[in-house]
Amino acid sequence: MDADPGSAPDGSAPRGGGAAYAAAAAAGLLAVLLVLALGPRLDRLRVPPPLAAAVLCAALAAVFAWRHDGRPWRWAVCVGLGFAAFLLVAFTGLARAGPVDWTPLLELGLIGLSSWLGAAGGARLGRRRTPRHAREAPGAG
């Protein structure tokens, strides 16, 4: 039987090679821009931007992991790269300005954890849509 259409036959990497990972990283960068653009509106809705970023990254990672049924941590890393770069730049800028504020690094941890949880859930849902006999290794059984 064929493997999932979104993954390689051995399940190690998605078909299309780096294109899927590049798309996930681009989606993560777009998420950064979306959260920055919606910042004032999020404040009016009393939604902290780090929470909005965490939910958005979790949803994006879940979609990529569901579609490509790969290793969830890869999708969490790809989607979270945009926020990681942005928050590390913010942290270094704040560190040079005066006393160290650890908030950006804590937010990065929240975003990374939520991305991983979203990707793990998406991968689990992706495995459910693929019949068990199609996921088994060839020659097993």
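On a 1 Å grid over the protein atoms alone, a pocket is an open set of points where a 1.4 Å probe fits, with protein on both sides within 12 Å along at least five of seven lines, and its lining residues have an atom within 4 Å of a point. This is a predicted model, in which local features need pLDDT of at least 70 and side-chain atom pairs count only at pLDDT 80 or more, whereas totals for chains, interfaces and linings use all residues. Residues are numbered from 1 along each chain as its sequence is written, and side-chain values use heavy atoms, with hydrogens and water left out.

**Overall build**

- The protein chain has 6 helices and 0 strands, where helices (H or I, at least four residues) and strands (E, at least two) are DSSP runs numbered from the N terminus.
- Of the 141 residues in the protein chain, 37% are buried, a word that stands for under 20% relative accessible area, while exposed stands for over 50% (1.4 Å probe, protein chains only).

**Helix H1**

- Helix H1 covers residues 18-37, and its 20 residues should span 28 Å at 1.5 Å a residue, which agrees with the 28 Å between its end C-alpha atoms; the expected span is 1.5 Å times one less than the number of residues.
- Ala20, Tyr21, Ala24, Ala25, Ala27, Gly28, Ala31, Val32 and Val35 are buried in H1.
- The buried residues of H1 pack against helix H2 (39-44), helix H3 (49-68) and helix H4 (72-97).

**The second largest pocket**

- The second largest pocket has a volume of about 200 Å³, a volume being the space filled by probe spheres set on the grid points, which are joined across faces, edges and corners.
- This pocket is lined by 13 residues, of which Val35, Pro49, Phe86, Leu87 and Glu107 are the closest to its centre.
- Two or more lining residues come from each of H1, H3, H4 and helix H5 (103-129), and H4 gives the most, with 4 residues.

**Arg46**

- Arg46, in the loop between H2 and H3, has a positive phi of about 60° although it is not a glycine.
- Most residues other than glycine have a negative phi.
- Arg46 counts as exposed because its relative accessibility is 77%.

Note on methods. Contact = heavy atoms within 4.5 Å.
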